[in-house]
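Colleague: Could you walk me through this model? I would like to learn how to read its features one by one.

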Amino acid sequence: MDQKFAFLESISKDPGNLIKGLQLVQATEGFVSDDAIRAVAEYFSIPAVEIEGVLSFYAQFKRVKPGKHQISVCDGTACHIKGAVLVKEWLHQELGIQSGETDAKGLFSLQTVACLGCCSLAPVMSVDGRVYAKLDRRSVVKILKEYAEK
Ligand code: FES
């Protein structure tokens, strides 16, 4: 097994521990890479294709390396009414990514969430946990620029 994944040895090789093993990989690496799948398959003696199936079933697992900054765009009811679709479109135009993806430079990952808990300030998004409210195209571009320089 690839020594990079030797930390799996802290878990018993019982195939029933597969989810635990994948959670450990994600906690350690930030995502589950193709190399990690090979290592997990070997360790638990489970076919890689079966592990791919498990990963696609559980939304908690990320298959793409997360970007340096995490953007969460709210598409809850209030934000949707106030233009969340446009916010996602602006982000797509600026970064070239859709929800669930990371940009080519590895700077930003984008996800859509149901509500960030500040509906009266819609439309909102958060970057690395900090909330930005009443977004328009200009503010979105400015926020991205600031984080790209961090
Ligand atoms: S719906 Fe967007 S913050 Fe609640």
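Modeller: Gladly. Let us start with domains: their bounds come from an automatic or database domain assignment. Here the assignment gives domain 1 (3-57) and domain 2 (69-148). Please keep in mind that this is a predicted model.

Colleague: How many Å separate the centres of domain 1 and domain 2?

Modeller: Taken over C-alpha atoms, the two centres are 32 Å apart. For the overall extent, the C-alpha atoms of the protein fill a box of roughly 50 × 30 × 25 Å along the principal axes.

Colleague: And which elements should I look for along the chain?

Modeller: Look for six helices and four strands. Read from the N terminus, their order is α-α-α-β-α-α-β-β-β-α.

Colleague: How do I read the contacts by sequence separation?

Modeller: Take the contacts between residues at least 6 apart in sequence; in this protein, 57% of them join residues at least 24 apart.

Colleague: What percentage of the 150 residues is buried?

Modeller: Buried residues account for 25% of the 150. A residue is called buried if 20 or more other C-beta atoms lie within 10 Å of its own, and exposed if there are 12 or fewer.

Colleague: Then which residues have the most contacts inside the largest nonpolar core?

Modeller: They are Val73, Cys74, Val87, Leu91, Val124 and Met125, in a core of 18 residues. At least two residues of this core come from each of β1 (69-74), α5 (84-95), β2 (108-113) and α6 (137-148). Helix α5 gives the most, with five residues.

Colleague: Now helix packing. At what angle do helix α1 and helix α2 pack?

Modeller: The angle between α1 (residues 18-29) and α2 (residues 34-44) is about 145°, and their axes lie 11 Å apart. The crossing of α1 and α2 is right-handed. On the α1 side, the contact is made by Leu18, Gly21, Leu22, Val25 and Glu29, and on the α2 side by Ala36, Val40, Tyr43 and Phe44. By class, this contact of α1 with α2 holds seven nonpolar residues, one polar and one charged.

Colleague: How does α2 cross α3?

Modeller: Helix α3 covers residues 48-57, and its axis comes within 9 Å of that of α2, at a crossing angle of roughly 115°. The crossing of α2 and α3 is right-handed. Ile37, Arg38, Val40 and Ala41 of α2 meet Ala48, Ile51 and Glu52 of α3. That contact of α2 with α3 has five nonpolar, no polar and two charged residues.

Colleague: I also like to check backbone geometry. Which peptide bond is cis?

Modeller: Look at the bond from Ala122 to Pro123, which is cis with omega near -5°. Pro123 sits in the loop between β2 and β3 (125-127).

Colleague: What about positive phi values in residues other than glycine?

Modeller: Ser45 is one of these cases, with phi near 55°. Ser45 lies in the loop between α2 and α3. Another case is Lys134, whose phi is near 45°. Lys134 is in the loop between β4 (130-132) and α6.

Colleague: Why does Ser45 count as exposed?

Modeller: Ser45 counts as exposed because it has 8 C-beta neighbours inside 10 Å. Lys134 is exposed too, because 12 other C-beta atoms lie within 10 Å, and the exposed class takes in counts of 12 or fewer.

Technical notes:
Residues numbered from 1 in each chain as written. Predicted model: local features only at pLDDT ≥ 70, side-chain atom pairs only at ≥ 80, totals over all residues. Core = buried A, V, L, I, M, F, W, Y, C linked by C-beta atoms within 7 Å. Axes fitted to C-alpha atoms, helices over the stretch in contact; angles between N-to-C directions. Left-handed = near helix turned anticlockwise from the far one by under 90°. Contact = placed C-beta atoms within 7 Å. Nonpolar A, V, L, I, M, F, W, Y, C, P; charged D, E, K, R; others polar.
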